[in-house]
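Biologist: Can you put the structure up? I have a few questions about how it is put together.

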Amino acid sequence: MWQRPGLRAALRLTVHRAGSASRCTSAVAEAHSGRPSGNWNPLANAHMTAEQRDFFMANGYVKIPGALSAPALARVRSWVAQIAAWPDVSDAWMHHFEASGLDPGKLILSRTENIIPYHAELAQLLMTGVPARLAGDALGEDAVLYKEKINYKAPGGGGYASHQDAAAYAEADRHVTCMLALDSATPTNGCLEFAPFPWERKELIGLTPEGTISSEVAGTLDLQPVTVEAGDAIVFSSYVPHRSTPNHSMQTRHLLYLTYNKKSLGDLRSQYYSNKRASMQHGRLSMIGHFQGELVGSSEGAPDVPLAARPDLPSAAWARAAVVEKIANLFEQRGATRYDAFSTQEEHALMTALMAQRHGADLDTVVAAFLHDIGHLLLNEHAGRDDFLVADKRHEEIGYRFLRRSGFPEEVTELVRLHVEAKRYLCAADPSYYAGLSEASKCSLELQGGPVAAEEIAGWAARPLASAAAELRRWEDEGKRSWAQGEVTGEALPTREALLEATRQVLEASARHATAS
């Protein structure tokens, strides 16, 4: 598989710029030392009251109002903004992205985890500050951080089905989570809902193969919403049943989820993340299948200027290499899935690129041909899924936003965005075109709105890059027919590695152009 050079050196440099400074390499050691970072006090309500602990023991959860002081809340919010802007990498922190439920085709950041090795100040708070002390109160002894994550839940963010966290935690049989609210959480934007479950009760109920609580058992639970204000905390057991609904509001709902185990059980965090990386199923957010949103692979909620197109940043070359590796991984993990009966998704991408090459296309257009359906890979959309071709997931918009965010020029991104509209245009402008479409393309055409209206034909053709998109679309269909009829076989296809190298060259050229302008 393609590998980017100098990964670790570049990673250290990028983490430094992300706000952790040189302390990132010793974040965990500094946090354990208990030394203060800066002149702010991370402690507000650092311990439960007796009444709060009694409520926790009886119900398996408890709300702690005002757990973070106002200065601490402001500092943590600034750290979370830094972390959300970190580039998407495969072997350090873990970003997860989803398609917005309010705006089809829009990508939003859903979760970030495995953060503390790369952010010393946050590591100190999580290991020695408010959440660790509250978790220790619940556990009855000192607490050790087991895992950490930020759930962003932007407008349109997905919900989580009824579940118990213990189903996902194999390294110990007892954990508590301290949720820190960075924004208010309400039933409208998807606050947590809990069903009382005493601390002493260690039992998984209604467990499904997905690791969630069955709908039959969930229907018998008294799940009640627990609203919070920014700065509040909720401490809850790994066995307490809970869920959250999608964010139907226009308000973001940032929450930190910090899970701890008893110190007497040892430091299990590294083991947890090692096991998670080894056993995660593609297309899942967690070790259990409780997330109800649509996972994809990149974010629209990042700065307008793509990091990969910012040659002024020392980390930009690494970020561009990370983009290419991400594309390589998508083909490695999902390229063997099928969109139609004749070819895999990777074969289709290679065939379309071959047709572009045979027609004398320039490098940008060849790369656009190679990546035109990358939205299908990001969405994990293929013929093996039950929901395949049930609804239009606007893979062309997903692919366009991913490529635009990653720093590709519009000669690539616009062709990707327009290739579905080009099919609709050609079906209206050329009566013979429809007959040559594959059955899957005919089916998706109906979901995508059918041929454009007669009065829209001239206007569509006059759009910038429309003719290039229509040409790419014809090459795509030509490739499908040639492959299905055996006129071209695998030996004639360009290799994935060659097209990834072309992809890298296009990204580098785009960055040089950004520097010159």
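Modeller: What follows is a walk through a few helices and strands of this predicted model.

Biologist: Start with the overall count. How many helices and strands are in the protein?

Modeller: The protein has 18 helices and twelve strands. Of its 517 residues, 58% are buried.

Biologist: And for contacts with a separation of 6 or more, what share comes from residues 24 or more positions apart?

Modeller: Such residues account for 81% of those contacts.

Biologist: On to helix packing. At what angle do the axes of α10 and α11 cross?

Modeller: Roughly 155 degrees, with the axes of α10 (residues 345–358) and α11 coming within 7 Å. Angles over 145 degrees count as roughly antiparallel, so that is how α10 and α11 lie to each other. The crossing is right-handed.

Biologist: Which residues meet there?

Modeller: From α10, Ala 349, Leu 350, Thr 352, Ala 353, Ala 356 and Gln 357; from α11, Val 366, Ala 369 and Phe 370. By class, the contact of α10 with α11 has seven nonpolar residues, two polar and no charged ones.

Biologist: How do α11 and α18 sit relative to each other?

Modeller: The axes of α11 (residues 363–371) and α18 (residues 496–516) come within 9 Å and cross at roughly 125 degrees. That makes α11 oblique to α18. Here α11 passes α18 in a left-handed crossing.

Biologist: Who makes the contact between α11 and α18?

Modeller: On α11, Leu 363, Asp 364, Val 366, Val 367, Phe 370 and Leu 371; on α18, Leu 499, Leu 500, Ala 502, Thr 503, Gln 505 and Val 506. By class, the contact of α11 with α18 has nine nonpolar, two polar and one charged residues. Val 366 and Phe 370 of α11 are among the residues that touch α18, and Val 366 and Phe 370 also meet α10.

Biologist: Change of topic: α15. Which of its residues are buried?

Modeller: In α15 (residues 439–447), Ala 440, Ser 441, Lys 442, Ser 444 and Leu 445 are buried.

Biologist: What covers the buried residues of α15?

Modeller: The cover includes α14 (410–429) and α17 (466–484).

Biologist: And what follows α15?

Modeller: Gly 449 follows α15, and its phi is positive, near 110 degrees.

Biologist: Now strands. Is β2 enclosed or open?

Modeller: Largely enclosed by the rest of the structure, because six of the six residues of β2 (residues 94–99) are buried.

Biologist: Which way do the residues of β2 point?

Modeller: In a regular strand, side chains alternate between the two faces of the sheet. Met 94, His 96 and Glu 98 point one way from β2, while His 95, Phe 97 and Ala 99 point the other way; all are buried.

Biologist: How is β2 joined to β3?

Modeller: By six bridges, with β2 and β3 (residues 107–113) running antiparallel. His 95, for example, has Thr 112 in β3 as its bridge partner.

Biologist: Last one: in what order do the four strands of the open sheet come?

Modeller: The order is β5-β10-β7-β8, with antiparallel pairing. β5 (160–163) and β8 (224–225) are the edge strands, each pairing on one side only.

Biologist: What joins β5 to β10?

Modeller: Two bridges, between strands that run antiparallel; β10 covers residues 242–244. His 163 has His 242 in β10 as its bridge partner.

Terms used
Residues are numbered from 1 along each chain as its sequence is written. This is a predicted model: local features need pLDDT of at least 70, side-chain atom pairs count only at pLDDT 80 or more; totals for chains, interfaces and linings use all residues. Side-chain values use heavy atoms; hydrogens and water are left out. Two strands pair if DSSP finds at least two bridges between them. Axes are lines fitted to C-alpha atoms, for helices over the stretch in contact, and angles run from 0 to 180 degrees between N-to-C directions. Angles under 35 degrees count as roughly parallel, over 145 as roughly antiparallel, 65 to 115 as roughly perpendicular and the rest as oblique. A crossing is left-handed if the near helix is turned anticlockwise from the far one by less than a right angle, and right-handed if clockwise. Contact means heavy atoms within 4.5 Å. Ala, Val, Leu, Ile, Met, Phe, Trp, Tyr, Cys and Pro count as nonpolar, Asp, Glu, Lys and Arg as charged, and the others, Gly among them, as polar. Buried means under 20% relative accessible area, exposed over 50%, partly exposed in between (1.4 Å probe, protein chains only).
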